[in-house]
Amino acid sequence: MASPTTAVRRIRRHAGEAVFLRVAGPDGARNRERIHSTPGPRWFAPDRPVRRVHGDASMFVGGLAALLLQSLHPVAMAAVAAHSGYRGDPWGRLHRTSTFLAVTTFGTSADAEAAVARVREVHARVRGRTADGVPYRADDPDLLAWVHIAEADCFLRAHQRYGRHPLDPAGCDAYLADTARVARALGADRPPEDVRELASRMARFRPCLRPTAASRDTARFLLTDPPLPGAARLPYALLAAAAVDLLPPWARAAVTGGTGPAAERLPGPAARAGGHAVTRAIRWALPPAPPPSRRG
């Protein structure tokens, strides 16, 4: 009979593998090894804040909150609904997004540049019109700025609330300066490089943000009908409640419409308790990243 310690290790390994597979996909282990172990210069040194934030389990809350917040830009949401395939292949989209974040944060400069070039190539082909007839293109610097601002805001908020080692004020500014480098490479217009500038740019976008039929459909999909097995539903519900609670009050109301399942409408303290519980569980389960290459 296995000892209690051995049983716990086995549970931890299986749980970590299941979470990692969901997020990184079937090629995740191979990509992880290549990203962290390939020798060569990186965009970001090991002590940079972007590595601390993007390597923490708080990203699970921040990532979901960012998707919800991004959906409130009607033009950006129209482009996502028409071209991203998030409903038909939600896990594929998650795998691609998580791999891009990992490559640009931890990978070699050459791999980061190649990843950015691939995204820009895809963006250059995405064109269309909203239901109201407004033309859009995915490489629009203003739309790219909105997507980046929503991500940076939510990733940072989540880290400051649920991260193992929250940043001090100078670290928050440095994190935004780090992420601005990636946003500029993608073509975003003047990505913010400190907390003050982030708040100012968010306020500038605020008048054009509102719920639409597409954003409400996205919220239902992400919050109430995710493609998950039964065993994963409860932890995901806690994650979803924490993500909704992370949003500013106006965005929270726009995303949920004041309705939805009980977990999604948990009061702040309960949502945060659930968020801490699920991020700690993810942090416990996930295996550590491979050691970085000493060469190059």
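This is a short talk on a few features of one predicted model.

First, some ground rules. Residues count from 1 along each chain as its sequence is written, and side-chain values use heavy atoms, with hydrogens and water left out. Because the model is predicted, local features need pLDDT of at least 70 and side-chain atom pairs count only at pLDDT 80 or more, while totals for chains, interfaces and linings use all residues.

Let's start with helix α14. Helices here are DSSP runs of H or I with at least four residues, strands are runs of E with at least two, and both are numbered from the N terminus. Helix α14 covers residues 268-285, which is 18 residues. At 1.5 Å a residue it should span 26 Å, and its end C-alpha atoms are 26 Å apart, so the two agree. The expected span is 1.5 Å times one less than the number of residues.

Which residues of α14 are buried? They are G268, A271, G274, G275, V278, T279, I282, R283 and A285. They cover an arc of only 165 degrees around the axis, so they sit on the same side of α14. That arc is taken from the directions between the helix axis and the C-beta atoms. Buried means under 20% relative accessible area, exposed means over 50%, and partly exposed is in between, with a 1.4 Å probe and protein chains only. The face turned away from the buried side carries the exposed residues P269 and R280.

Next, the rings. The structure holds one aromatic pair. The rings of W146 and F205 have centres 5.3 Å apart and planes at 50 degrees, so the pair is tilted. For the cut-offs: rings of Phe, Tyr and Trp (its six-membered ring) pair if their centres lie within 6.5 Å; planes under 30 degrees apart are stacked, over 60 edge-to-face, and the rest tilted. W146 is in helix α8 (residues 141-162) and F205 in helix α10 (residues 195-205), so the pair ties together parts 59 residues apart in sequence. Are these two residues buried or exposed? W146 counts as buried at 0% relative accessibility, and F205 is buried at 6%.

The charged end of R206 sits over the ring of W250, 4.0 Å from its centre. To count, NZ of Lys or CZ of Arg must be within 6 Å of the ring centre and within 35 degrees of the ring normal.

Now helix α11, residues 213-223. D217 is found in it. D217 is partly exposed, at 23% relative accessible area. A213 counts as exposed, at 56% relative accessibility. A213 and M77 are 136 residues apart in sequence, and 9.9 Å apart in space, C-alpha to C-alpha.

How many cavities of 30 Å³ or more does the search find? One. The largest cavity has a volume of about 40 Å³. Its lining is L68, S71, L72, S215, R216, A219, A254 and V255. Helix α11 gives the most to that lining, with three residues.

Last, a loop. R190 lies between α9 (169-186) and α10. Its phi is near 45 degrees, a positive value in a residue other than glycine. Most residues other than glycine have a negative phi. R190 counts as partly exposed, at 48% relative accessibility.

Technical notes
On a 1 Å grid over the protein atoms alone, a cavity is a set of points where a 1.4 Å probe fits but cannot get out, and a pocket is an open set with protein on both sides within 12 Å along at least five of seven lines; lining residues have an atom within 4 Å of a point. Grid points are joined across faces, edges and corners, and a volume is the space filled by probe spheres set on the points.
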